[in-house]
Amino acid sequence: QVQLVESGGGLVQAGGSLKLACTASRSIFSINAMGWYRQAPGKQREMVATMASGSTINYADSVRGRFTISRDNAKNTVYLQMNGLKPEDTAVYYCRTDVYYSGSTDRRIDWGQGTQVTVSS
């Protein structure tokens, strides 16, 4: 069983910053991709930022230049630094991992439970 534990969400004023973290409960052996997605009320879930093996990074056009994805392999954690937040960034943010865990040959794709980010104007 694997759990992805998210933290760092909250309420912030427009222009402020938050840093999200997503930590896996098991040691990651290799990474296909790790990323962040978000879902606003009444909208479909959308990609925010992804980091593939080899450190290829993609950002949604709406966040490029404001958000930064990173990871700490030793801590089995992926981060999302969010600067210059806007009210339209308000959503539930989910991490997604596509990895192989140590001691297993099974590829696993998992989602975090989601963390609320609310940006006030």
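This short talk walks through one chain, from its overall build down to single residues.

Good morning. First, some ground rules. The model is predicted, so local features need pLDDT of at least 70, side-chain atom pairs count only at pLDDT 80 or more, and totals for chains, interfaces and linings use all residues. Residues are numbered from 1 along each chain as its sequence is written, and side-chain values use heavy atoms, with hydrogens and water left out.

Let's start with the whole chain. What does it contain, helices or strands? The count is zero helices and 11 strands. Both are DSSP runs, numbered from the N terminus: helices are H or I with at least four residues, strands are E with at least two. Read along the sequence, the pattern is β-β-β-β-β-β-β-β-β-β-β.

Now the dimensions. The C-alpha atoms fill a box of roughly 45 × 25 × 25 Å, taken along the principal axes. The radius of gyration is 14 Å, which agrees with the value near 14 Å for a compact globule of 121 residues. That radius is taken over C-alpha atoms, and the globule rule is 2.2 Å times the number of residues to the power 0.38.

Next, the surface. The chain exposes about 6300 Å², and carbon and sulfur atoms supply 46% of that area. Areas come from the Shrake-Rupley method with a 1.4 Å probe; for residues, only the protein chains shown count as cover. Buried residues make up 41% of the 121 residues. Buried means under 20% relative accessible area, exposed means over 50%, and partly exposed is in between (1.4 Å probe, protein chains only).

Contacts, then. A contact means heavy atoms within 4.5 Å. Take the contacts between residues at least 6 apart in sequence: 56% of them join residues at least 24 apart.

On to one strand, β11, residues 115–120. In a regular strand the side chains alternate between the two faces of the sheet. In β11, T115, V117 and V119 point to one face and are buried.

Which way do the partners of β11 run, parallel or antiparallel? Strand β2, residues 10–13, runs parallel to β11, and four bridges join them. There, V12 has V119 as its bridge partner. Strand β9, residues 91–101, runs antiparallel to β11, with three bridges. Two strands pair if DSSP finds at least two bridges between them.

T97 lies in β9. T97 is buried, with a relative accessible area of 1%. Leaving aside neighbours within four places in sequence, T97 is in contact with L4, A33, M34, R108, I109 and D110.

E6 sits in strand β1. Is E6 buried or exposed? At 7% relative accessibility, E6 counts as buried. Beyond neighbours within four places in sequence, the contacts of E6 include W36, Y93, C95 and T115.

S7 is also in β1, which spans residues 4–7. S7 is partly exposed, with a relative accessible area of 39%. Apart from neighbours within four places in sequence, S7 is in contact with K19, L20 and A21. S7 and Q113 are 106 residues apart along the chain, yet their C-alpha atoms are separated by 9.9 Å.

That's the tour. Thank you.
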